[in-house]
Amino acid sequence: MKNFFLDIRNSFYSPSFYASGRGKPMNSAIGFLFFSSLLISFLMILGFTFAVIPGVLASKPAEFIQEKFPAELAVTITDGKASANVEQPFIVPIPEKDKLKDGEFENFLVIDTRPETTIAMLEDYKSIAVLTESSLYVSQDTGERRIIPLGEADYVTIDKECTLGLVEGLMAIVWIVIPVLLVFAAPFLALFGTGYFLVVSYVGAIIPLVISKIRKIPMTYWEAYKTALYGTVPIMIITTVWLFFSIGPFPMFLDVLLFAFLLTLNLKPPRSS
């Protein structure tokens with residue numbers, strides 16, 4: 001394991017590492033790429049988990065439903081048509097302390113299942129979600145509304161008890177899904193990433209091959225291919241760090257330029273005796 005992390009460090013800069021790598025078997029280069037991908041995938045999923053879970057715990061969805069869901073409200077969907085046992089439009093407003101500054105929404109939910117409801121009325125409600133007789137309109141981050149038809153629902157009753165049970169069930173599933181993601185998602189991503197770079201390196205091998213010709217380094221195509229696999233690992237690490245810190249979209253072709261620059265530093269002709 002110590003040698004593996006040492007090899008990762010050397011993949012950034014170590015002419016001797018790249019020189020010896022050309023003489024190793026192909027499965028050594030592929031194994032180094034795979035285990036590097038596995039490590040990066042595991043760290044990405046772990047980082048994502050630690051970023052998301054505190055927000056989920058802080059939001060306390062069960063408490064939110066307990067406090068905000070009206071005890072008297074019950075929505076029934078029969079044969080694709082919704083109805084409610086309250087006077088309509090029924091509005092669940094966003095408290096002043098929770099409203100975003102200059103936000104366009106004033107309500108969490110509006111229920112208006114009256115047949116005469118129009119699109120213009122939906123816009124006037126300024127609600128995150130609007131339930132009509134036949135559809136649920138949900139606002140998206142892009143500003144557009146997603147329309148979810150109710151036609152497939154034969155008979156459903158939604159009240160406070162039902163919603164609270166659903167949220168608690170979803171939270172229980174979350175705690176099951178997270179360990180499964182850590183165990184299975186990382187190997188899946190690593191296999192996908194390794195397969196992708198194995199294919200891309202058929203073209204990427206041209207870069208070390210050209211550098212070797214310029215610097216008069218004896219190198220076959222397959223040695224250049226192995227060199228490309230070793231050189232891919234630092235680029236994966238750099239792009240992952242870039243993504244993890246949300247710097248922004250990775251500039252186009254910057255990874256290719258970094259790859260060429262890195263190999264230019266590491267590919268040196270053998271010393272003459």
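This is a predicted model: local features need pLDDT of at least 70, side-chain atom pairs count only at pLDDT 80 or more; totals for chains, interfaces and linings use all residues.

Reader: How many of the five residues of E5 are buried?
Author: Four of the five residues in E5 are buried, so this strand is mostly covered. Buried means under 20% relative accessible area, exposed means over 50%, and partly exposed is in between, using a 1.4 Å probe and protein chains only. Residues are numbered from 1 along each chain as its sequence is written, and side-chain values use heavy atoms, with hydrogens and water left out.

Reader: Which strand pairs with E5 in the parallel sense?
Author: Strand E4 (residues 107-111) does, pairing with strand E5 (residues 127-131) over four bridges. Two strands count as paired if DSSP finds at least two bridges between them. Val110 stands opposite Val130 in E5, and Ile111 has Leu131 in E5 as its bridge partner.

Reader: What holds strands together like that?
Author: Strands of a sheet pair through backbone hydrogen bonds, either parallel or antiparallel.

Reader: What's the strand order in the sheet with E5?
Author: The order is E3-E4-E5-E6-E7, an open sheet of five strands with mixed pairing. At the edges are strand E3 (90-93) and strand E7 (145-149), each pairing on one side only. From one strand to the next, the twist averages 15°. For angles like that, axes are lines fitted to C-alpha atoms (for helices, over the stretch in contact), and the angles run from 0 to 180 degrees between N-to-C directions.

Reader: And the order E2-E1-E8, what kind of sheet is that?
Author: That's an open sheet of three strands, with antiparallel pairing. Strand E2 (81-84) and strand E8 (155-159) each have a single partner strand, so one side of each is left without a neighbour in the sheet. Neighbouring strands here are turned by 15° against each other on average, direction ignored. Strand E1 (residues 74-78) pairs with E2 over four bridges in the antiparallel sense, and Thr78 stands opposite Lys81 in E2.

Reader: Switching to helices. Which residues of H1 are buried?
Author: In helix H1 (residues 2-12) they are Phe4, Ile8, Asn10 and Ser11. Looking down the axis of H1, these fall within an arc of 165°, so they line one face of the helix. The arc is that of the directions from the helix axis to the C-beta atoms. On the face of H1 turned away from that side sit the exposed residues Lys2, Asn3 and Arg9.

Reader: What does Ser36 touch?
Author: Leaving out residues up to four places away in sequence, Ser36 touches Phe4, Ile8, Val233 and Met236. Touching, or contact, means heavy atoms within 4.5 Å. Ser36 is found in helix H3 (residues 26-59) and is buried, with a relative accessible area of 2%.

Reader: Lysine next: is Lys226 buried or exposed?
Author: Lys226 counts as buried, at 9% relative accessibility. Its place is in helix H8. Not counting residues up to four places away in sequence, Lys226 touches Gly21, Arg22, Gly23, Lys24, Pro25, Met26 and Ala29. Lys226 and Tyr202 are 24 residues apart in sequence and 9.8 Å apart in space, C-alpha to C-alpha.

Reader: What covers the buried residues of H7?
Author: The cover includes helix H6 (160-204), helix H8 (221-244) and helix H9 (254-266). The buried residues of helix H7 (residues 206-214) are Pro208, Ile211 and Ser212. Seen down the axis of H7, they fall within an arc of 100°, so they line one face. The face turned away carries the exposed residues Lys213 and Ile214. After H7 comes Lys216, whose phi is positive, near 60°.

Reader: Last one: how many helices and strands does the whole chain have?
Author: The protein chain has nine helices and eight strands. Its radius of gyration is 28 Å, well over the 19 Å that the globule rule gives for 273 residues, so the chain is more spread out than a compact globule. That radius is taken over C-alpha atoms, and the rule is 2.2 Å times the number of residues to the power 0.38. Along the principal axes, the C-alpha atoms fill a box of roughly 95 × 40 × 35 Å. Buried residues make up 34% of the 273 residues.

How values were computed
Helices (H or I, at least four residues) and strands (E, at least two) are DSSP runs, numbered from the N terminus.
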